[in-house]
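Colleague: I've got a model open and I'd like to learn how to read it. Can you walk me through it, one feature at a time?

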Amino acid sequence: MSGPPFLPYGRQTIEDDDVAAVAAALRADFLTTGPTVEAFETAFKRKVGAEHAIAVANGTATLHLAMLALGVGEDDVCIAPSVTFLATANCARYVGAEVVFADVDPDSGLMTPETLADALKRAGDRRVKAVLPVHLRGDVCDLPGLKALANGVGAVLVEDAPHALGSVATFDDAAHPVGDGAYSAFASFSFHPVKTLATGEGGMLTTNDAALAARARSLRGHGMVRPAGAEPWVYEMPELGFNYRIPDVLCALGISQLAKLDRFVARRRTLAGLYAEKLAALAPAVRLATSPAWSDPALHLLTVLIDFEALGTSRRAVVEALKAQGVGSQVHYIPVHTQPYYQARYGALDLPGSEAWYARCLTLPLYPTMADGDVDRVVGALVDALKR
């Protein structure tokens with residue numbers, strides 16, 4: 001039997017002009033390390049209002065390069081929220097630093113000044129070099145509050161912002177697009193297919209610091225530099241780098257996608273508004289994750305918080321019932337401090353906000369090509385799943 005198409009929790013939006021842009025790049029002289037990379041970087045930094053943008057192979061590479069460029073290493077500590085993807089914490093371990101996990105607000109999933117202050121206290125007298133706030137789902141953390149605390153211990157912010165391209169926060173009566181660098185040393189983006197802008201794989205670092213940008217560019221390409229005035233074939237490697245380059249083909253797709261970002265963001269906001277209307281009748285047992293007052297998000301994830309126990313069901317039962325009705329879902333995220341690697345390294349931690357978030361969160365479908373009626377279909381399927 002055929003039925004309506006399956007609705008995944010997220011998917012890329014690829015149109016004919018995207019395909020044409022990739023085809024043109026395939027016919028061009030450079031498949032990688034060519035002019036399309038720089039063109040993508042230029043367009044991206046202008047879009048978010050940053051001074052510099054460095055395109056790389058994937059989102060995890062952006063975080064690794066940020067740690068390297070900042071000189072984070074052994075005997076240093078980085079603070080990351082527990083509710084995030086693994087890469088946020090792993091990037092510190094790649095360079096030999098230790099991780100102190102911050103708790104999050106149980107209703108937004110975001111690191112807050114209060115949870116950061118607690119993490120700083122647990123870091124003790126160790127040297128904290130970087131704090132990595134995650135703009136979970138697309139909502140923006142309290143950057144001024146977090147920066148003040150970080151600066152107080154000599155640390156900088158590195159915004160982990162793959163969910164928040166297109167999001168805007170208002171601080172001190174000024175609107176700040178995520179990635180503009182007003183409060184952080186770096187902001188990190190990912191272009192994985194389910195993100196707001198897709199290149200297949202790929203990532204971008206933005207910064208307003210020319211020296212940090214130059215170091216990240218060098219480390220992206222094996223640490224190679226070309227001495228001024230040397231013969232054109234001469235290069236030197238003053239430090240060890242990595243091959244984190246991104247091909248021109250993917251950057252061509254990125255440029256095409258970036259031109260549609262405003263449309264993608266507007267559609268996501270419209271769909272999120274429809275979800276808010278349709279889900280209101282299910283409160284308080286089911287409600288949308290909280291959005292801070294300063295945040296105007298371009299939501300990458302549509303996350304609801306469900307009191308499964310009060311409803312007499314389990315998340316697994318709901319997920320399976322939704323799938324049976326052609327509706328996909330996902331969980332964002334299992335708290336990283338509970339992962340076996342980190343438990344073995346740091347022992348069991350009591351982070352009640354993270355655990356309360358994880359116990360209730362479920363991500364529902366959200367992507368630009370969804371029709372308005374698809375929201376009705378998802379909410380109807382959820383209501384049916386909760387009755388079982």
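Colleague: Which elements make the right-handed β-α-β unit here?

Modeller: Keep in mind that this is a predicted model. The unit is built from strand 2 (residues 76-81), helix 4 (residues 86-94) and strand 3 (residues 98-102), and its hand is right-handed.

Colleague: How do strand 2 and strand 3 run, and how many bridges join them?

Modeller: The general idea first: strands of a sheet pair through backbone hydrogen bonds, either parallel or antiparallel. Here strands 2 and 3 run parallel, with 5 bridges between them.

Colleague: Which way do the side chains of strand 2 point, and are they buried or exposed?

Modeller: In a regular strand the side chains alternate between the two faces of the sheet. In strand 2, Asp76, Cys78 and Ala80 point one way, while Val77, Ile79 and Pro81 point the other. Both sets are buried, so that under the 20% cut-off for relative accessible area 6 of the 6 residues in strand 2 count as covered. For strand 3 the count is 4 of 5 buried.

Colleague: What about antiparallel pairing: which strands show it?

Modeller: Look at the open sheet of 3 strands, ordered 7-6-11. Strand 7 (174-177) and strand 11 (295-296) stand at its edges, each with a single partner strand, so one side of each has no neighbour in the sheet. Strand 6 (residues 168-171) is joined to strand 11 by 2 bridges, and Ala169 faces Ser295 across that pairing.

Colleague: Now salt bridges. How many does the structure hold?

Modeller: There are 20. Take Asp17 and Lys260, whose side chains meet at 2.6 Å, N to O. Asp17 is in helix 1 (residues 16-27) and Lys260 is in the loop between helix 8 (248-258) and helix 9 (261-279), so this pair ties together parts 243 residues apart in sequence. Asp17 is partly exposed at 42% relative accessibility, whereas Lys260 is buried at 6%. Both belong to a network of salt bridges that also links Glu15, Asp18 and Arg263.

Colleague: Which residue forms a salt bridge with Glu98?

Modeller: Arg345, with the closest N and O atoms 2.8 Å apart. Glu98 is in strand 3 and Arg345 in helix 11 (residues 340-346), so parts 247 residues apart in sequence are tied together. Arg345 is partly exposed, at 40% relative accessibility. Another pair to look up is Asp376 with Lys278, at 3.2 Å, N to O. Asp376 belongs to helix 13 (residues 372-387) and Lys278 to helix 9, so here the tie spans 98 residues of sequence.

Colleague: And zooming out, what radius of gyration does the protein have?

Modeller: It has 21 Å, which agrees with the value near 21 Å for a compact globule of 388 residues. The C-alpha trace spans about 75 × 55 × 40 Å along its principal axes. The protein has 13 helices and 13 strands, and 53% of its residues count as buried.

Technical notes:
Residues are numbered from 1 along each chain as its sequence is written. This is a predicted model: local features need pLDDT of at least 70, side-chain atom pairs count only at pLDDT 80 or more; totals for chains, interfaces and linings use all residues. Side-chain values use heavy atoms; hydrogens and water are left out. Buried means under 20% relative accessible area, exposed over 50%, partly exposed in between (1.4 Å probe, protein chains only). Two strands pair if DSSP finds at least two bridges between them. A crossover is right-handed if, with the strands pointing away from the viewer, the path from the first strand over the helix to the second runs clockwise. The radius of gyration is taken over C-alpha atoms; the globule rule is 2.2 Å times the number of residues to the power 0.38. A salt bridge is a side-chain nitrogen of Lys or Arg within 4 Å of a carboxyl oxygen of Asp or Glu.
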